[in-house]
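My plan is to look things up one by one and jot down what turns up.

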Amino acid sequence: QTCALPISAATAAIGRGELPAGLAPDEAALVTFVRQLVTDHRVDDETFAALQAHLGLRGVTDVVGATGYFAFAAHVLNAFEVEVREEQVPELPPRA
């Protein structure tokens, strides 16, 4: 499946803390779920049910696992202050 809008527009909106406009319902449920999980370290029942309706329990489990893995990798990179190589362009602006 492809994203309903250009990746650059989606990452820019997510970087601003916004839900990207034009997302399909399953994409919006995914963004909302991951944002809550990463920001609040928990997901409310409504958000969980919305994503489960699109992906099933196994799919939600995969999303939680993938999110945890990326958080783990981010912690390692941040702890050792790994910089983006000059030839790479960060997708998101630095967090304040």
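Here are my notes, entry by entry.

**Entry 1: what I'm looking at.** I remind myself that this is a predicted model. I read the residue numbers from 1 along each chain.

**Entry 2: aromatic pairs.** How many aromatic pairs does a search of the whole structure find? I get 3. I looked at Phe33 and Phe48, whose ring centres are 6.2 Å apart with the planes at 50°, so I write this pair down as tilted. Phe33 belongs to helix 2 and Phe48 to helix 3, so the pair ties together parts that are 15 residues apart in sequence.

Phe33 has a relative accessibility of 1%, so it goes down as buried, the cut-off being under 20%. Phe48 comes out at 30%, and I note it as partly exposed.

Tyr69 and Phe72 make another aromatic pair, with 6.4 Å from centre to centre and 45° between the planes, and this pair is tilted too. Why are these two about one helical turn from each other? They sit 3 residues apart in helix 3, so about one turn separates them. I also looked up their accessibility, and both Tyr69 and Phe72 are exposed.

**Entry 3: a ring cluster.** I followed the ring pairs from there and found that they link Tyr69, Phe70 and Phe72 into a cluster. Phe70 is part of helix 3. Its relative accessibility is 58%, so I count Phe70 as exposed.

**Entry 4: a nonpolar patch.** Which residues make the nonpolar surface patch of about 790 Å²? My list reads Tyr69, Phe70, Phe72, Val76, Leu77, Phe80 and Val82.

With a relative accessible area of 66%, Phe80 is exposed, since the cut-off for that is over 50%. I also checked a distance: the C-alpha atoms of Phe80 and Leu92 are 19 Å apart, and the two residues are 12 apart along the chain.

**Entry 5: a negative patch.** Next I turned to charges. Asp40, Asp44, Asp45 and Glu46 form a negative surface patch. I placed Asp40 in helix 2, which covers residues 25-40. Is Asp40 buried, partly exposed or exposed? Its relative accessibility is 43%, so I put Asp40 down as partly exposed.

**Entry 6: positive phi.** Last, I looked at backbone angles. I keep in mind that most residues other than glycine have a negative phi. His41 has a positive phi of about 65°, and it is not a glycine. Where is His41? I found it in the loop between helix 2 and helix 3. His41 has a relative accessibility of 64%, so it counts as exposed.

Glu81 goes on the page as well: its phi is positive, near 50°, and it is a residue other than glycine. I located Glu81 in the segment after helix 3. Its relative accessibility is 62%, and I note Glu81 as exposed.

How values were computed:
This is a predicted model: local features need pLDDT of at least 70, side-chain atom pairs count only at pLDDT 80 or more; totals for chains, interfaces and linings use all residues. Side-chain values use heavy atoms; hydrogens and water are left out. Buried means under 20% relative accessible area, exposed over 50%, partly exposed in between (1.4 Å probe, protein chains only). Patches are made of residues with over 30% relative accessible area and no salt bridge: like charges are joined within 9 Å, nonpolar side chains (Val, Leu, Ile, Met, Phe, Trp, Tyr) within 5 Å. Accessible areas come from the Shrake-Rupley method with a 1.4 Å probe; for residues, only the protein chains shown count as cover. A salt bridge is a side-chain nitrogen of Lys or Arg within 4 Å of a carboxyl oxygen of Asp or Glu. Lys and Arg count as positive and Asp and Glu as negative; His and the chain ends are not counted. The place of a charge is taken as NZ of Lys, CZ of Arg, CG of Asp or CD of Glu. Helices (H or I, at least four residues) and strands (E, at least two) are DSSP runs, numbered from the N terminus. Rings of Phe, Tyr and Trp (its six-membered ring) pair if their centres lie within 6.5 Å; planes under 30 degrees apart count as stacked, over 60 as edge-to-face and the rest as tilted.
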